[in-house]
Amino acid sequence: MYNEIHLVLPEHILFMISLQRFRISSIISCLIQKGYDEVTAHSVSFLLALSEGDKDLSDFEPTEDGVKYTQFVETQCFNGFKLDLPSDVVKSLAKKLWIKITDGSRGEVTFTEEELNLMKKLGINI
Amino acid sequence: MKRIRDPIHGYVELDDEILKIVDNEFFQRLRYIKQNGLAYLVFPSANHTRFEHSLGTFHIASMMINNLESKDIDVDVMKKVALLHDIGHLPFSHTFEDAMKILFYMDNSKYMEIMSKIGVKTPYETAKFHEYLGIFILKNCMEGLEDVANKMEEIYVKKKGGIEKSLISSTFDADRLDYLQRDSYYFGVRYGLIPLDRILTVMRINSSGKYVFDSKGRDDLEHFLIARYHMYSAVYSHPVKGLMDMVMAFAIAKMIKDNVISVEDLTSCEKIVNFTDDFILMKLKENQSYRQFYETIYKRIKYKKKILEDQDADNFISKYPKEKEKELYDFIIRSDGRLVIYNSKTDMPVENVILNIQGKEIDLDKVDKTKYINIPKCRIKIVIGYKDDETYKEFEKNYLSNKLI
C-alpha cells in the first residue's frame, strides 16, 4: 500500500507543474486587497507574467476592456505588491499586448506614450 | 443519415457530411486515445476514449444550437468544431501535455522544434498543446476543413468570446456537458450525473454568448457546478491517478528526448495518424531504459507518496517563486522520474452566467457571486511520489523544510 504522511508547510518553497496558477492568483489577490478592481488586477497579472518571461499564457483570455486570468483562485497574498499602476493604462496595454501576441503579423497595435512607459517600467519587450 | 448508439445520449445522429469526417482516419484515431489517461489503473472501467466523447459533444452542441435564440453563427462550422474539438489529443490525452511541460525543461530545443513544426510561431502560447495540434491537423492532414480550423483558432488561440465560445469553451459548453456524464458513467461514480434535458430547458445563450438562467433554473445551475466540483475533487484529482499520469508524462518526455518518440511522430500527418496510446505502451515494453516506468504501470510497483492538502498546500504553492521553478524541474529530471509531483486545484469557476431573478438580470461576472449562488471552498492537493527514500530525502533536504510531522 501507499505510504501516506501529511506535511506542514515548508519554510522555503519549491514546486512544479501548474505553479503559474498559484503564483498569478497570489498576485491578483494582493492587488485586490490593495483596492484595485478585478479587471485591473487580472490585467496587471498578465503584464507581470509577460515581464517575468512566462511563455505559457493559455490561461489568460481577453475581456471587453482588459485581460482576465481564467484559473484565478482566491489565495493568500504573501509578498505584497509595491507598484502603483494607473488602471486605465494597465487595462488598455494588456488588451493591446494580447492582440499583438495572438494576431501574429496582423496584430499591429499603436501604443500610447503612457503605455510605452509602462512597458519599459515593467521590462516588457515584445 | 446514420444513427449511432451511445450509452449516455441514446442515439447520436450523423448526416452524410458529418459521417464522412467521422470515417476519416484522423478522427478514427481518437478511438485509441483514452479519455482520461491512465485513470483506468485506478477506476478499471474508465476505458472510454476521445472518440465517443467527440460524438457526444457534437450531439449536445447540435441541441444547444437548435435552442439558440439568435443563430448569428455558422451553424455547420460550429457543429464540426464540436465534433473535432479534441482532434489534436495525443496519447493519454492531457497526460501528453504534462509530458510537454517536462520536455520544455528536459530538452528545450526539441520542445521548440515541435512547437515550430505545428505552426506556433510566437514565443508565447495562448492555447493548449492539443488545441494547437488540432488546428494543425485540420489545416494540414484533413481536407476541406480550413474554415473549421480558422474558427478553432478564433476560439482557442485568440479566445474571441460570444456565442461560439459559449458553445464549446466555457462554463456550460457542450464539451463539459458531455464529459461529466460520460466520465461518471465509465468511472462508476455518480458525482457527475446531471439532468441534461433540464439544463437545456432552463438555460439559454443570449446574443452576447452569456448563459442566462431564470430563478427556476438556479438549483440546476448549482447542481451542475457542484457535480463538476466533485468530479474534479474525487475522480480527476485522485492522488494515485495523478501520480500514474505524472510517471507516464515523465516517461513520454524522456522518450522524446531520447528519440524513441521522434519529432515527426507528433508533427507529420503520416505519423500522427498512428500515434496512439498503444504506440507508447509498446515502446515502454520494448525498451529496457524505461523499465521502471513499465513496472510501475504494468506490475504496479508503486511509488510511495506524501500529500499536502488545503491550507498547507495553499501556503506551499502561493509562496513559490518563479525563479525556482527551473531548479525544481532540474531536480525532477536528474532523479530520472524516481520522484514526481502532481498537483491539483478543485474550484468552481462560474463565468459568463446571468441570473434572471424576477425580471432583473444579474451578471455574475460583475457582482460577488457568493451572494447569489453557493460556491464551495477551493481544494488544493499536492502529491509527491517517490520510488526510494534516498531520492525523497534529497528532495526534502533541498526543497522542503525540516518541519515535517
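With 17 C-beta neighbours inside 10 Å, B:Lys369 is classed as partly exposed, in a structure that is a predicted model. This lysine lies in the loop that connects β8 (360-363) and β9 (379-386) of chain B. Apart from residues up to four places away in sequence, B:Lys369 touches B:Val350, B:Leu364 and B:Ile375. A distance of 35 Å separates the C-alpha atom of B:Lys369 from that of B:Phe92, the two residues being 277 residues apart along the chain.

The largest nonpolar core comprises 109 residues. Among the residues with the most contacts inside this core are B:Ala61, B:Ala82, B:Leu138, B:Val247 and B:Val340. The greatest contribution to the core comes from helix α13 (residues 239-257) of chain B, which supplies twelve residues. When neighbours within four places in sequence are left aside, the contacts of B:Val340 are B:Leu243, B:Met246, B:Val247, B:Phe250, B:Ile332 and B:Gly385. A second, separate core contains 25 residues, including A:Val44, A:Leu47, A:Phe60 and A:Leu118.

Helix α4 (residues 75-84) of chain B is largely enclosed by the rest of the structure, because seven of its ten residues are buried. The buried positions in α4(B) are B:Met78, B:Lys79, B:Lys80, B:Val81, B:Ala82, B:Leu83 and B:Leu84. These buried residues of α4(B) pack against α1 (16-22), α3 (50-67), α7 (129-140), α8 (146-157), α9 (163-168) and α10 (174-187) of chain B.

Methods: Residues numbered from 1 in each chain as written. Chains lettered and ligands numbered in written order. Predicted model: local features only at pLDDT ≥ 70, side-chain atom pairs only at ≥ 80, totals over all residues. Core = buried A, V, L, I, M, F, W, Y, C linked by C-beta atoms within 7 Å. Buried ≥ 20, exposed ≤ 12 C-beta atoms within 10 Å, placed from the backbone. Helix = DSSP H or I, 4+ residues; strand = E, 2+ residues; numbered from the N terminus. Contact = placed C-beta atoms within 7 Å.
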